[in-house]
Amino acid sequence: MHKQCELIMVKRKAPVVRAKFSRRNRVTIATSDCLRFLRTIPDGEAALVVTSPPYNVGKKYETQLSLDEYIAFHTKVIAECVRAVRKTGSICYVVGHTRLADKRLVPLDIILHDVFDRFGLKLRNRIIWHFEHGLNSKNRFSGRHESILWYTRSDDFTFNLDAVRVPQKYPGKRHYKGPHKGLYSGNPSGKNPGDVWKIPNVKANHVEKTTHPCQFPIGLAETLILSFSNRNDLILDPFFGVGSTAVAALRTGRRVAGCDLDRGYIEVARQRIRLALVGRLKTRPRDRQVYQPSSDSKLLTRD
Ligand SMILES: C[S@@+](CC[C@H](N)C(=O)[O-])C[C@H]1O[C@@H](n2cnc3c(N)ncnc32)[C@H](O)[C@@H]1O
């Protein structure tokens, strides 16, 4: 059976959201540059960083940088993340491609891997986040995935596989030989979800859509948080946006700290956190299958 994640819906007064980090805070959010904010987090305080940085593609929230400037900036950010994460902790960076001023397309996971590697971090998975909708390209294949780079600081790290198992594809399959012949062969708690995750992106009429152009799904952050941290652990997101990481952290009983340069996004994040804490934020459950129209659906045929 698929093990449901435990969602914590706190039906009491929401905790105060603080702007200055303290170990006692459940939620710390600041309107701030990420480097300045990260420097306020004590060494080894966090269990996990879950974040998605600007991709340097000319969005309204970013200043276009050269590739060297982009790498130099992330070298500083990653250095601070490594310092703030404990020895058994993890860093997850959700990235796509960048498009340089001369129009060259560069995969950010490839260029940032060198930076993580220089800090001695160990790549555990390059997870492919696959979604089926987005911009339709005319002169190349339409982009339908991003990468989630999962690094650990050491070989001793938190990994709660049982918290994120998914239903077996063939639950009735049995061993056909050997000492277990005739017994069910799959783990009754479900199978390892693998490193390709099919999760709709937050566009158009997605239930989680806000004014932010590039949110990631709360379910995606929840899967990372359940896998790589434990209850009451601190989760960091230095590129907070509208707080998708925060909602995921609080719903799973973790603490969270993060920042964004944009005051408007921080305000939306605060509202989402308030709603999440009283169980009123609409979200897409992380274990909901992608919609499949029924065989008689009008979507499947044309007149
Ligand atoms: C890809 S978005 C993150 C979206 C977020 N994961 C969510 O689901 O809402 C990147 C965010 O980084 C913020 N940002 C850009 N430069 C920053 C900086 N130097 N420090 C902090 N935040 C920054 C942007 O305002 C933007 O909201």
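**View 1. Aspartate 233 sits in the loop between H4 and S10.** The model is predicted: local features need pLDDT of at least 70, side-chain atom pairs count only at pLDDT 80 or more, and totals for chains, interfaces and linings use all residues. Numbering starts from 1 along each chain as its sequence is written. Helices (H or I, at least four residues) and strands (E, at least two) are DSSP runs, numbered from the N terminus. Aspartate 233 is buried, with 21 other C-beta atoms within 10 Å. A residue counts as buried if 20 or more other C-beta atoms lie within 10 Å of its own, as exposed if 12 or fewer do, and as partly exposed in between; C-beta atoms are placed from the backbone. Leaving aside neighbours within four places in sequence, aspartate 233 is in contact with Ala47, Leu48, Arg254 and Arg255. Contact means that the C-beta atoms of two residues, placed from the backbone, lie within 7 Å. Aspartate 233 and valine 256 are 23 residues apart in sequence, and their C-alpha atoms are 8.2 Å apart in space.

**View 2. Nine strands form an open sheet with mixed pairing: 9 strands in the order S1-S2-S11-S10-S3-S4-S8-S7-S9.** Strand S1 (17–18) and strand S9 (196–198) stand at the edges; each has a single partner strand, so one side of each is left without a neighbour in the sheet. Two strands pair if DSSP finds at least two bridges between them. Strands of a sheet pair through backbone hydrogen bonds, either parallel or antiparallel.

**View 3. S3 is mostly covered, with 6 of its 6 residues buried.** S3 and S10 run parallel and are joined by 2 bridges. Here leucine 48 stands opposite isoleucine 235 in S10. S3 also runs parallel to strand S4 (residues 85–95), with 5 bridges between them. Valine 49 has isoleucine 91 in S4 as its bridge partner.

**View 4. Helix H5 (residues 244–251) is mostly covered, with 8 of its 8 residues buried.** They are Ser244, Thr245, Ala246, Val247, Ala248, Ala249, Leu250 and Arg251. The buried residues of H5 pack against several elements, including strand S2 (27–31), strand S3 (46–51), strand S10 (234–237), strand S11 (255–260) and helix H6 (263–277). H5 lies across S2, S3, S10 and S11, and runs at about 175 degrees to S11. H6 also packs on the sheet, where it touches S1, S2 and S11; its direction makes about 160 degrees with that of S2. Axes are lines fitted to C-alpha atoms, for helices over the stretch in contact, and angles run from 0 to 180 degrees between N-to-C directions. Just after H5, glycine 253 takes a positive phi of about 80 degrees.

**View 5. Helix H4 has 11 of its 11 residues buried, so it is largely enclosed by the rest of the structure.** Among these buried residues are Ile218, Leu220, Glu222, Ile225 and Phe228. The buried residues of H4 pack against S3, S4, strand S7 (122–130), S10 and H5.

**View 6. The ligand is surrounded by 20 residues.** The closest are Cys34, Tyr61, Phe239, Gly241 and Ser244. A residue is near a molecule if its C-beta atom, placed from the backbone, lies within 6 Å of it. By class, the shell has 11 nonpolar, 5 polar and 4 charged residues. Ala, Val, Leu, Ile, Met, Phe, Trp, Tyr, Cys and Pro count as nonpolar, Asp, Glu, Lys and Arg as charged, and the others, Gly among them, as polar.

**View 7. Asparagine 56 has a positive phi of about 65 degrees although it is not a glycine.** Asparagine 56 lies in the loop between S3 and helix H2 (67–84). Asparagine 56 is buried, with 23 other C-beta atoms within 10 Å. Lysine 103 also has a positive phi, of about 80 degrees, and is not a glycine. Lysine 103 lies in the loop between strand S5 (97–99) and strand S6 (105–107). Lysine 103 is exposed, with 6 other C-beta atoms within 10 Å.

**View 8. Arginine 284 lies in the segment after H6.** Arginine 284 counts as partly exposed, with 16 C-beta neighbours inside 10 Å. Leaving aside neighbours within four places in sequence, arginine 284 is in contact with His206, Val207, Glu208, Pro217 and Gly219.
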